[in-house]
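Morning, everyone. Please take a look at the model on the screen, and then we'll walk through it.

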Amino acid sequence: MNEMAKPPVPGIGITAKYPEIGTGPCDTAIYHEPEIYEKEMAAIFRRSWYMIGRVEQIPKSGDFFTYYLPTFRLEVLVCRDRHGEVNAFHNVCTHRGNVVEHRREGHSSGLFVCRFHGWSFDLEGNLAKIRDEEGFFGVDKACNGLKPIPMGIWEGFIWVCPEDEPYQSLEDFLGDQGRDTAGYPWGACSQFYQTEAEVNCNWKLVNDSPAEVYHIPVLHPKSAAPTMMASGNVMGRLLDTRVRGNHRTNSHYSVLGEPKPVQKLAYFHAAAAQNVVQEQLDYEMPVGINPTRSPFWTVDLIMFFPTIAFTLSAGMYTAHQVWPLGPNKSIYQQRVFVRPARTAAERFGQENTMVEFRDIVMEDFSTLERIQRALDSGQIKQFHYHDHEMALRHQHHVVTRILADYDREQAAA
Amino acid sequence: MTDHSLPEGFADLERFVPEWVQPDAEHRLAKRLSTDMDAIKAFYGAMLARGEAALAWLRGHELGTLPPEGENLLRLMLMLAEVAPAVEWYNDQRVYDGFPVERLRYIHQISDTAAQV
Ligand code: FES
Ligand SMILES: [Fe+2]
């Protein structure tokens, strides 16, 4: 990969580019107080969009997947209809509320049949058939189809909004961050591993975890740090943090360190999934990825506030997604997206990538429940953010601003 | 897995097939967590020495067309990827001071052997 001279270690000065964000210590109340969480639910979460899958998961008419949105306790059914369109519905049977489709994914011959009393719905959501219809007292089939959930597609990702009338369009929600990262070959990484875990911490801590690399030399001494150390970046600094509205991107820099033995097998003998050399890109890098155009760029963390971030390199990416469940409880979902393997050797490269990411995230997550205990017990009332922890300071700033705006909006109403 | 054979030239690794060929990533993780480090290191050492040869064989075979002995060889290599951090990073089955990996659920996996293109 990057075998050129060691880059100059980045300096201090990221925070100074965004004076409105400030430099002081930050109050930790937004990380644990139940009333604040309740307000976040109304002011932030119900007004946001949520990525639940990709169009490649349902290539043919009749293909479907279901998804549970734990934050909102909503069941969703996504399918491709007879015209090739992607539809998303609340996965709720209009007879008495069972899920219409209970399987996680599959192919429907054209009807979803509820496994309770057998009402059936077509791929467009119409109520097609009521079993033993003559026993009912005039149910109007035309008014009892599946209820659509607001859905939009960005770069092949399928997003839904929990509100019947979204506060903002998906396009506005994604904003400049969406425009500036469109065009990356998101769909080329069509293979993915997905894992999840319940973590007893506030949703912001999950976002914070990959959002600074100040910790890498200390928390990841054997795994991620050697590459960073090889670049002379012993303090763990970023190339840059770029703010775009509520969203933000961290650009990471390094040069390739000496790989470990199994990494060598993966990188040099198995076309490991992440090793697309920048000089040989088969696409044009969008302006929002490696925004500083550094030759020492390796990875961006592209955050779409409030709940999804992509760790993205030239050849693959990982989606980190958090589903808030309460002031100190969240579900973390990780998807590792890689390019398809043709040969069996390339399959080994994919596995190496997944295992490395998983174990490094387990290193990261060791801190989350410990921090939350310190928050819940009132033992840490302020966070002090380093210049290169600016993404966390920005998140604090955005949440605080939205909640204040919401208070004003409620007072005016 | 009842067939313990590997492609020609890999007979030295056949002794690992019964225990170390696992059906998917979730089982590979469980195998790593439930095996003592001496056994993990013995497997790792033997596989690493044959890693380049194994990958040369696997490079010549497309996913979706593997004979049963080829699937075994691939799955041994996937297991090598799983145990590598235990040997190279932690000297322990577990992530050092890590979040308990048992709490992670696999929701979607990439097939070990099916064609992807
Ligand atoms: S709830 Fe679906 S048929 Fe009764
Ligand atoms: Fe980390």
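Which residues of helix α2 of chain B are buried? This is a predicted model, so keep that in mind throughout. Helix α2 of chain B covers residues 25–33. Its buried residues are A25(B), R28(B), L29(B), K31(B) and R32(B). Now look down the axis of α2(B). The buried residues fall within an arc of 160°, so they line one face of the helix.

What covers those buried residues of α2(B)? Two chains contribute. From chain A, the cover includes β12, residues 191–199, and α7, residues 344–365. From chain B, it includes α1 (17–20), α3 (37–49), α5 (68–90) and β1 (105–108).

Is A30(B) buried or partly exposed? It counts as partly exposed, with 41% relative accessibility. Now find E102(B). In sequence, A30(B) and E102(B) are 72 residues apart. In space, their C-alpha atoms are 8.4 Å apart.

Next, chain B as a whole. How many helices and strands does it have? The count is 5 helices and 1 strand. Starting at the N terminus, the order is α-α-α-α-α-β.

Now the inside of chain B. Of its 117 residues, 49% are buried. Take the contacts in chain B with a separation of 6 or more. Residues 24 or more positions apart account for 75% of them.

Chain B exposes about 5100 Å². Carbon and sulfur atoms supply 50% of that area. On charge, chain B has 11 positive and 19 negative side chains. The centres of the two sets lie 5 Å apart.

Last stop, chain A. Please find N233(A). Where does N233(A) lie? It sits in the loop between α5 (225–230) and β13 (240–244) of chain A. Its relative accessible area is 0%, so N233(A) is buried. What is N233(A) in contact with, leaving aside its neighbours within four places in sequence? The answer is V9(A), P10(A), M228(A) and Y253(A).

That's my tour. Over to you.

Technical notes. Residues numbered from 1 in each chain as written. Chains lettered and ligands numbered in written order. Predicted model: local features only at pLDDT ≥ 70, side-chain atom pairs only at ≥ 80, totals over all residues. Heavy atoms only, no water. Buried < 20%, exposed > 50% of the residue type's maximum accessible area, 1.4 Å probe, protein only. Helix = DSSP H or I, 4+ residues; strand = E, 2+ residues; numbered from the N terminus. Arc of directions from axis to C-beta. Contact = heavy atoms within 4.5 Å. Areas by Shrake-Rupley, 256 points an atom, 1.4 Å probe, with all protein chains shown as cover. Lys, Arg positive; Asp, Glu negative; His and termini not counted. Charge placed at Lys NZ, Arg CZ, Asp CG, Glu CD.
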